[in-house]
Amino acid sequence: MIRINVLTVFPEMFGPVKEQSILGKAGEKGAIEINLINIRDFTEDKHRRTDDTPFGGGCGMLMTPQPVFDALRSVEGIKEQPILYMSPRGRILDEDMIRELAEVEEFTILCGHYEGVDQRILDHWNMREVSIGDYVLTGGELPAMVLIDAVSRFIPGVLGNEESAEDESVYSGLLEADQYTRPRDFEGMEVPEILTGGDHKKIRLWQLKESIRITAERRPEMLETWVRSEPELDGFTKKEKKEITDLIKSLTGKKTC
Ligand code: ADE
């Protein structure tokens with residue numbers, strides 16, 4: 001069970017994500033609890049404002065400290081948990097960070113809006129700034145949803161089958177092979193014959209080779225890391241392992257694994 005507190009001025013944006021099939025079911029099963037906290041509920045401003053103009057000029061508005069401080073203080077055990085602030089200035093979200101967060105019992109995310117937040121919020125609460133990529137969105141809500149979705153896949157009970165989070169492309173260290181479903185022939189476009197033949201060993205080998213090819217083409221640095229990790233290639237015969245090694249050699253000019 002993981003509890004994720006989300007501080008936002010737009011809690012309604014999270015509705016569809018909370019109710020969406022996998023996360024929704026995870027919530028019902030008690031595997032994940034998303035606790036939405038409306039920052040506006042804590043403002044002492046008579047106009048219910050949560051933002052103000054920046055000192056020193058500049059365009060846009062900043063989130064003021066008071067409502068955010070009070071919203072954070074309303075979270076029990078806040079001092080003992082990671083607090084994240086979604087921001088394009090942050091460390092880029094990656095697998096290591098996602099796995100680390102999936103291990104904690106509770107964490108809190110602050111979603112910024114306007115042009116950012118008063119720096120004292122980040123400093124006082126020792127917030128970790130997290131970015132989902134080198135582009136700027138209008139607020140931290142969508143990035144927070146991306147993070148929650150990625151973390152949730154590692155929480156036991158969220159996905160039907162525990163293995164599936166690990167199996168996915170990227171987490172296995174390689175990009176996934178192309179996939180097909182019925183019909184075998186759609187308007188003359190056919191599914192590769194090997195996939196419809198039912199020989200599971202041959203299919204596994206084909207999929208791994210395709211994964212290697214695609215990774216070499218699109219993410220050569222990822223293939224290099226994979227090769228360096230000396231993957232076991234369990235379940236493949238000596239002859240198949242040689243085929244795989246030769247393929248890697250032809251694609252990278254390197255001989256390993
Ligand atoms: N807020 C605005 N842009 C963002 C980004 N790229 N990542 C995280 N939070 C953001």
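Helices (H or I, at least four residues) and strands (E, at least two) are DSSP runs, numbered from the N terminus. This is a predicted model, in which local features need pLDDT of at least 70 and side-chain atom pairs count only at pLDDT 80 or more, while totals for chains, interfaces and linings use all residues. Residues are numbered from 1 along each chain as its sequence is written, and side-chain values use heavy atoms, with hydrogens and water left out.

**Backbone geometry**
- Most residues other than glycine have a negative phi, and most peptide bonds are trans.
- The peptide bond from arginine 182 to proline 183 is cis, with omega near 0°, and proline 183 lies in the loop between α7 (164-167) and β8 (185-186).
- Glutamate 187, in the loop between β8 and β9 (189-190), has a positive phi of about 50° although it is not a glycine.
- Glutamate 230 also has a positive phi, near 50°, and is located in the loop between α10 (220-228) and α11 (238-252).

**Ligand site**
- A nitrogen atom of the ligand is 2.7 Å from a polar backbone atom of tyrosine 135, and a ligand nitrogen is 3.0 Å from a polar backbone atom of isoleucine 132.

Key: Polar contact = N/O pair within 3.5 Å; in protein donor to acceptor, adjacent residues only side chain to side chain.
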